[in-house]
Amino acid sequence: MKHYIILTTAALLLTACSNNKKNSNDPLADSGRTQLTENLLTSLKALSDSAVYMFGHHDDTVYGIGWKADCDNDSTVHQRSDVKSICGDFPALLSFDLGHLELGDTVNLDGVPFSRIRQEILAHYDRGGMITLSWHLNNPLTGGTSWIEASPTGGGLEGAAAAVLKGGERHDLFLTWLDRVAAFLNSLETPYGVRVPVLFRPWHEHTGSWFWWGSDHCTPEQYKALWQLTVSRLKEKGVVNALYAYSPGTEPDGDDGKYLERYPGDDIIDLMGLDCYCSAPPQLSPEGTEIKAYTEKLDKNLEMVCRVAKEHGKAAALTETGFEGLRTPDWWTQALAPVLARHAVSYVLVWRNAHDRSGHFFAPYPGQQSASDFVSFYNLKPTLFLHDLNGLYMKGER
């Protein structure tokens, strides 16, 4: 049964992510997006109704613990990965961030050149994988980052969303920011003429208040308008290869109404998600109460997300999660996997392994205490990594 499920979902994903040159004339579907983009959505929905899920890692192929790719050396493109160094396989899903693209910078907020991100996206598409993109854009009023702490007095935060909407003092500026995002998405084209399908995930974790678009800093109507302006402008600029993800934090606490309070609508959103992290003090309690609190919170919120997504005909995903520093050796199989086994999601994404920030990592690396447990996680029947998507190496045949 495991092989049947993998073959079925992998075949769908291959249809969406294939590098077959016969797809060079990828037609537009009735939705106005490319057929390959619609095929990817079909695949995500199928995974959301199955017993398997893709594993993803943010910035996986551009840096890791103790290394950073040489951005001037093409031979390093997609060749290195902390995940691959542990299990011998790339993640099925790669994630990158577009923060600072809006400013016209050549590198993103974590110092990765956008030219390199483009290379990695094309490379991962060619090997059959999937891409998702987040956007930590700067505050258009204060000039600070996305985060509240960037503005010590809080000045401008409450007005940032209103300022970029039609009639606001930063509306024209924001349109140029959206146009730069559109230009980047439109540039994701293979040498054989295929626009690479991506899942775009802006305005995330809005149920918290640490970003300028968070719940304390704009009204539900303003938040929905941000989404409407974003998607309509990208479409106006010819973006036909993007799906859109809605990903609140855990503040709704399992409440459908709170989760949907700022939902911009079924005509805009393709995937419903959840960002949920395992937060714990430096010294874990012997009884593991922090891990237990995480699994209970994740379980409660994923039940709600998967149910609501199904009701709205959307794909579902655990759009961000992780345990910073992986301070328990069996987090993968004893905390994360058991919860995911109870809820049908299309993918799970863990955050980055920073090369320049001690202790800020969410996937194992050689010598890290959870590495062997991650291999066990990799070998679980529900988990899909890159080899599972291309169908060349079934898990029982490795």
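The model is predicted: local features need pLDDT of at least 70, side-chain atom pairs count only at pLDDT 80 or more, and totals for chains, interfaces and linings use all residues. Residues are numbered from 1 along each chain as its sequence is written, and side-chain values use heavy atoms, with hydrogens and water left out. Helices (H or I, at least four residues) and strands (E, at least two) are DSSP runs, numbered from the N terminus.

**Salt bridges**

- The count comes to 16 salt bridges, each defined as a side-chain nitrogen of Lys or Arg within 4 Å of a carboxyl oxygen of Asp or Glu.
- Side chains of opposite charge can pair when their charged atoms come close.
- Aspartate 179 pairs with arginine 233, with the closest N and O atoms 2.8 Å apart. This pair links distant parts of the chain, 54 residues apart: aspartate 179 sits in helix α6 (residues 171–186) and arginine 233 in helix α7 (residues 220–236).
- Burial is set by relative accessible area: buried means under 20%, exposed over 50%, partly exposed in between (1.4 Å probe, protein chains only). Aspartate 179 is partly exposed at 23%, whereas arginine 233 is buried at 14%.
- Aspartate 253 forms a salt bridge with lysine 300, at 3.3 Å between the closest N and O atoms. Again the pair links distant parts of the chain: aspartate 253 is in the loop between β7 (242–246) and α8 (256–260), and lysine 300 is in helix α9 (residues 289–311), 47 residues apart.
- Aspartate 253 is partly exposed at 42%. Lysine 300 is partly exposed at 43%.
- Glutamate 189 and arginine 195 also form a salt bridge, at 3.5 Å from N to O. Glutamate 189 is partly exposed at 37%, and arginine 195 is partly exposed at 21%.
- Arg33, Glu38 and Asp270 are joined in a network of salt bridges.

- Five of the five residues in β7 are buried.
- In a regular strand the side chains alternate between the two faces of the sheet.
- Both faces of β7 are covered, with Ala242, Tyr244 and Tyr246 buried on one side and Leu243 and Ala245 buried on the other.
- Strands pair if DSSP finds at least two bridges between them. Strand β6 (residues 198–201) runs parallel to β7 and is joined to it by three bridges.
- Leucine 199 has leucine 243 as its bridge partner in β7. The chain passes from β6 through α7 to β7 in a right-handed β-α-β crossover (with the strands pointing away from the viewer, the path from the first strand over the helix to the second runs clockwise).
- Two bridges join β7 to strand β8 (residues 271–277), also parallel. Here tyrosine 246 stands opposite methionine 272.

**Nonpolar core**

- The largest nonpolar core has 115 residues, of which Leu133, Phe184, Leu185, Trp331 and Leu336 touch the most other members. Helix α9 gives the largest share, nine residues.
- Such a core is a set of buried Ala, Val, Leu, Ile, Met, Phe, Trp, Tyr and Cys residues joined through side-chain atoms within 4.5 Å.
- Contact means heavy atoms within 4.5 Å. Not counting residues up to four places away in sequence, tryptophan 331 touches residues including Ile291, Tyr294, Phe323 and Leu336.

**Histidine 206**

- Histidine 206 lies in the loop between β6 and α7. Histidine 206 is buried, at 0% relative accessible area.
- The side chain of histidine 206 makes a polar contact with the side chain of tyrosine 246 at 3.3 Å. A polar contact is a pair of N or O atoms within 3.5 Å; within protein, one must be able to donate a hydrogen and the other to accept it, and residues adjacent in sequence count only if both atoms are side-chain atoms.
- Not counting residues up to four places away in sequence, histidine 206 touches residues including Trp213, Tyr223, Pro248 and Arg262.
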